Structures are given as C-alpha cells and as structure tokens.
Amino acid sequence: MIRKAADIRLKALPVTANMEHLYYYEGPCRFGKGESLEVGYDRLSNAQIAKAMVDRLHRWAPANVDVLEPVMINRTDNWDNPEEQWERLAKVVPEADVIVAHPRIGTDDLFIEMIERFDKPVLYSPDGICGIAETAAIRNKPGKKHVVYANRSWEQLAARLSAFRAAKVIRSTNFLLATRFGNTTSFSSVDSFNNYDLITARLGVHFRFINAHELLDQMSPAVEGGNHTTPGRVTPDLTEEDMAEVKKLADELMAGADEVEVSREYLENSLIAYVTVRKNLDLKDCNAFSIPCPDVCSTRRMNEQKITFCLTHSLMAEQGIPSTCEFDVCGGLSEQALIAVSGHSPYLGNSYPVRVRDGKVDIRLAAPEELEKLGKDPENLYYIAHSIAHRRMPDPNSNAPYALRHFAQDQGFGAIIRYDWNRDAGTPVTLCRFSPDGSRILIARGVVEGGAAYRTQGCGGPIIVRVPNADDLCDKQCSFGMHLPLVYGDYTKELKTMADILGIEAVMSV
Amino acid sequence: MQKEREALEQILSAKARSGRCIEEIRQSAPLTREFVRSRIASFVLIRYFLEGEDVSGLSFDQIAERSIAVTAGISREMVRALDTSKDCMGSTSLMAKKVLLFRQIEKQLDIELPAMPSAMIETLDDLGDLVFDELRKQGRVG
C-alpha cells in the first residue's frame with residue numbers, strides 16, 4: 001500500500017496531573033478561601049481544569065491530528081507517586097506520537113518522570129503557566145536529549161502539532177529506489193544522500209531497492225517462462241487492467257491539454273512506465289520513488305521502449321508522492337518535507353541563479369521576448385527546471401492548464417507536461433533541501449517571477465523565482481545540492497519547526 | 001449598608017429555600033430520576049439567583065455564566081471575556097462556581113460525585129442524573 005503523507009495522522013495523548021490536598025490549610029502555593037480549601041474541593045476542581053484543557057486541544061488540534069482518550073495522573077500532598085499510575089500509562093503511551101501535558105504545581109516531577117520512563121515528545125499546554133520550568137528542567141537533563149516544548153498560546157501548540165506530524169511523515173517515508181549500479185549515487189546526482197544507514201538513524205527513513213532492468217522488464221505483458229532478468233518467476237508485469245488504466249489516463253491527459261505535441265503511442269508508453277512504478281510502490285509498501293537518468297538511459301532500453309520517467313514523476317507529484325529523477329533521493333525526501341508541511345504538490349529541478357552576461361539574462365531555450373521581460377529586473381532571480389512540471393501547483397485538488405510535449409527531441413518519445421509558470425507570477429514559494437548527510441535542511445523563500453521555454457520540448461521549461469538574496473541562497477545551496485524542490489506558499493516557519501523536532505539544523509535563506 | 005443587608009438576606013433566603021430542595025430528596029421514597037432532576041434543577045436555580053428565569057435550551061455552563069452576570073451586574077458576554085484564569089493552574093471563576101455548587105450537593109446529600117463525569121455535565125438534567133446514580137449506588141432510591 002502507498003501510504004501518502006496526507007494519510008499519515010499524528011496521535012496526541014492529553015495527560016493532566018492533579019494535586020489533591022488532604023487537609024484544610026493555605027500557604028505558599030496554596031490559595032483559596034473557605035470552601036475551596038476544604039477536603040474534596042480539589043478533586044472536583046482538578047477534573048474541571050483537565051476537561052477544559054482537553055476541550056481546547058480538540059478545538060485547536062489540526063485536521064490530521066487524532067486526540068486520544070485523556071489520562072489523569074494524581075498525587076496528594078503526601079507526595080505519593082504510585083507505581084500503579086505508571087503501569088496504567090504504560091498501556092496507552094506507546095500508541096501516542098506526542099503527549100500534550102498539563103501539570104499542576106507540585107506535579108512537575110511526575111511529568112519529568114513520565115518523560116524519563118517513556119521518552120515521548122511532550123508539548124506543554126498553554127493553560128496555566130505554560131511549562132517553561134518543566135521544559136528547562138527536561139532539556140538540561142544529563143545524558144539524554146528529550147524533545148519537549150513549552151507553548152505560550154494554543155496557536156503555537158497547534159503549529160507544533162502540525163510540525164510533529166510533518167516529522168512523522170518524514171519518519172514514515174519508505175523509498176523505492178530503482179538502481180543500475182550502486183545504490184547510493186548515480187552518475188548525475190552525486191549530491192544525494194551518501195549514507196543510508198545514517199539517514200535511517202537520523203531521520204527514520206527506509207530504503208528499498210529494485211533492479212532497473214527488472215522494472216523495465218515489467219512494462220510489457222507477462223511471458224512464458226518469466227522475464228529475462230528473472231527467469232521462472234512470476235513478476236508484476238503489465239496486465240489488461242493496467243492497460244485499461246493507461247488508456248483512460250491518456251484520454252484524460254490529451255482531452256485536458258491546451259496543446260498536444262506528443263503522439264498517443266508515446267504518451268501511452270510513458271503511462272505504462274507510470275503504472276508499473278506505481279504498482280511496485282504499492283506492492284512494496286513504499287511512498288517515494290527515484291530512478292537515475294544517465295545510468296538507465298545508457299542501457300539504451302529507454303530508447304528501445306520509447307519511454308522516459310518524466311511523466312511518472314509529474315503524476316506522482318500531483319498525488320503528493322515524492323518522485324524524483326536523476327536518482328536524487330535527497331531531493332525526494334525534501335519533496336516529502338514540503339508535502340508534509342503544506343499539503344501541496346511539489347516541483348523539482350536544476351536550481352541556480354539566473355546568469356546575467358553582458359547585462360543580459362541568459363536562460364536556456366528562453367524566447368527573446370521572455371529574456372527581454374526577465375532582463376528588466378534580473379537581480380536575485382533563480383532558475384529551476386526539470387521536465388517534470390504538473391497540473392496541480394496552484395491547487396493540489398484541481399488541474400491547471402497545461403500542454404503535453406515530448407522529452408526526446410529526435411524521436412519524440414517521453415511524454416512531458418509543460419506548465420506556463422507566468423500564470424502564477426507573484427505567488428510566494430518555499431524551497432528546501434536536506435543536506436547529503438541528513439544533518440541539516442536548507443529552507444528558502446521566494447516569489448514566482450514567471451517562466452520560460454513553455455513552447456519547447458526536452459528537459460527544461462523553467463520556473464523563474466525571485467529570492468531575497470540569490471548570492472546568499474547559492475552560497476548556502478553549495479552545502480546542500482543542486483535541486484531545490486519547491487511548493488507554492490510560505491511554509492518556511494513550519495519547516496523550521498519540523499527541523500527542530502527532527503533534531504537537525506535549519507539553514508535559512510529568507 | 002442597606003444594600004449589604006438586603007444582599008445578605010437574599011443569600012440566607014436562597015440558602016434556606018435551596019436547602020428545602022435537598023431535604024425533599026432526603027425525605028422522599030422511593031426516589032425517581034425525574035424527581036431528583038427537578039429538585040436538583042430547582043436547587044441550582046435558587047443558588048444561582050436565577051429562580052423564575054427561563055433557562056431552557058441553556059447548557060449548564062451558560063446557566064453558571066448567567067448567574068455570574070446577574071450577581072456581578074454585567075452581561076454574559078462580559079463574563080466570558082473577563083473570566084480568564086484566576087490562578088496559575090488555569091482554573092476560572094466559572095469553574096469555581098460550579099465546583100462550589102457541586103460541593104454543596106455532596107455535603108448536603110452525603111454523596112461523592114464522580115470527578116470527571118461532574119466536569120462533563122452539559123445540562124441541569126445531567127447533574128440530576130449524576131446525583132440520582134450516586135444515591136442509587138448507596139441504595140437510597142428505595
């Protein structure tokens with residue numbers, strides 16, 4: 001099953017701690033008059049406060065957060081700490097991703113013990129005095145790093161719940177990687193992850209592999225005796241149902257395009273590649289994909305089968321599934337981060353500052369009028385291009401206008417979607433990329449300036465983004481890599497919070 | 001001085017009349033759920049100085065808010081706006097008002113209301129049901 005980012009929900013467990021006084025008295029930290037100091041008052045008052053906190057959590061929890069049944073832990077002014085409570089908590093805490101805690105004076109130590117026992121991330125409720133003391137105590141505990149936040153408002157707590165969910169999405173990512181040679185780098189993306197064990201340890205991501213030849217073999221109907229690369233084995237080859245889906249998608253894509261400059265036959269070939277990849281993701285319970293370009297291209301099999309994987313990456317991105325060319329696994333996880341914080345569909349491409357030569361902008365394949373328009377104000381422009389644009393940049397739930405063109409310039413195969421970025425001029429964007437060792441994430445923002453080369457074939461069709469400081473971004477980008485995935489909207493704050501939760505450094509270029 | 005004396009008389013009268021509601025519960029047998037509900041409802045409205053007011057359709061919290069509004073001489077909206085936490089634990093005047101009422105019922109009927117269910121009551125009838133269930137547990141409904 002493909003478990004998309006949108007399917008992943010965060011489970012938040014509200015835990016309130018209560019102090020019950022066994023005698024009538026007042027003093028430092030016990031306030032009240034008359035009946036409110038009587039034995040029995042605390043018991044009922046504690047329940048009111050607990051319920052109010054849980055009600056607010058339900059109101060503020062983002063849509064993809066489940067609030068579990070609340071738990072109350074209690075003590076009296078005998079300073080008891082019954083083991084029975086921990087046994088009760090041990091039954092429910094494992095299901096939770098994060099605890100939303102509301103302590104009372106005299107119960108902070110119980111929460112510290114809770115964190116020591118269960119090591120779950122904790123968000124302190126802003127009701128009361130918001131958990132500053134407890135957070136400082138826990139963060140300075142020797143020997144272990146616990147994830148804990150005090151929150152000054154429910155808005156802040158809700159934003160952190162979203163960031164925790166985004167972190168869970170990252171940790172729930174299973175990549176399916178199609179390889180020809182080694183499994184860490186390809187001949188194009190030398191800047192991808194360089195140590196999968198480290199990425200798994202640091203970010204919780206898992207990697208599964210499929211041989212590129214076996215994948216290509218599955219793009220035709222099953223043959224007697226099995227495929228060449230897997231003789232005698234039953235493999236998920238192309239079925240009649242797959243072809244029915246291919247034809248349906250081809251009808252839809254051609255009918256919806258403003259312009260069609262690829263043959264039906266070659267469009268279907270590209271869609272066969274898409275359904276085969278998607279089927280393998282489903283069979284292997286993966287939710288992200290990457291395949292190298294030059295490594296597989298040089299087998300000549302893509303030329304023979306008249307396919308590229310560009311349309312696969314486009315259609316996956318539309319569905320909120322990270323899918324990258326050039327075996328840019330790091331770029332794929334960066335797409336996942338953007339999907340997780342925004343719910344939008346990402347785009348990825350070669351990213352670098354627009355060159356200005358002799359006072360004129362230099363953009364590959366751009367038309368003269370495009371160069372003239374962009375040349376009027378060329379400062380801080382960034383070029384981002386691969387032929388994997390899609391229809392869902394502005395709205396992940398509906399298709400924007402597009403054209404169908406082809407990647408291969410000589411033979412016309414390799415269906416691609418071209419998108420006219422000029423439609424979205426002025427739209428804010430967020431860009432990000434994990435570092436190759438997974439220890440940092442680059443986070444940047446910009447605004448769509450426009451696009452270029454809409455009418456061309458091949459790899460390209462750039463989006464041009466104006467960033468606050470192209471020199472700063474490029475300098476920082478040199479520690480992260482070439483591709484800077486992006487989504488529409490400003491999600492820089494959310495990404496930064498997610499990075500903090502993942503325990504990695506956020507490098508900002510905003 | 002005159003106003004203070006009148007206020008004190010009002011409080012004492014409310015105490016006496018509400019006490020009679022509880023006494024009726026104590027003296028009646030067998031007890032029915034409907035009877036307990038009606039006596040508790042009367043008890044609450046008297047204690048909250050809302051006797052004779054139409055509270056149908058109001059939640060328990062809204063009734064308590066109206067009581068604060070009446071006694072403080074301000075609107076319900078003002079009560080909501082002003083009733084932020086009165087201590088560093090997050091408890092509010094509204095919570096205190098409810099708990100003090102519950103404690104009166106507990107003491108006068110010699111029962112212990114379950115804590116979280118008491119926090120979750122939505123209506124006057126919910127409170128009446130909670131009281132009836134505790135009396136039944138003690139074998140006092142007859």
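This briefing describes ring pairs and charges over rings in the structure above. The model is predicted, so local features need pLDDT of at least 70 and side-chain atom pairs count only at pLDDT 80 or more, while totals for chains, interfaces and linings use all residues. Residues are numbered from 1 along each chain as its sequence is written, chains are lettered from A, and side-chain values use heavy atoms, with hydrogens and water left out.

**Aromatic pairs**
- Over all chains there are 13 aromatic pairs, where rings of Phe, Tyr and Trp (its six-membered ring) pair if their centres lie within 6.5 Å, and planes under 30 degrees apart count as stacked, over 60 as edge-to-face and the rest as tilted.
- One of these pairs, A:Y352 with A:Y383, is stacked, at 4.9 Å centre to centre and with 20 degrees between the planes.
- Because A:Y352 lies in strand 12 (residues 350-353) and A:Y383 in strand 15 (residues 381-385) of chain A, this pair ties together parts 31 residues apart in sequence; strands are DSSP runs (E, at least two residues), numbered from the N terminus.
- The rings of A:Y419 and A:W421 are edge-to-face, because their planes stand at 80 degrees, with the centres 5.0 Å apart.
- A cluster joined by ring pairs contains A:F175, A:F193, A:Y196, A:F207 and A:F209.

- A:Y383 is buried at 4% relative accessibility, whereas A:Y352 is partly exposed at 23% (buried is under 20% relative accessible area, exposed over 50%, partly exposed in between, with a 1.4 Å probe and protein chains only).
- A:Y419 is buried at 2%, and A:W421 is buried at 0%.

**Charges over rings**
- The charged end of A:R405 sits over the ring of A:Y454, 4.9 Å from its centre, where such a contact needs NZ of Lys or CZ of Arg within 6 Å of the ring centre and within 35 degrees of the ring normal.
- A:R440 lies over the face of A:F480, at 5.2 Å from the ring centre.

Conventions:
Helix = DSSP H or I, 4+ residues; strand = E, 2+ residues; numbered from the N terminus.
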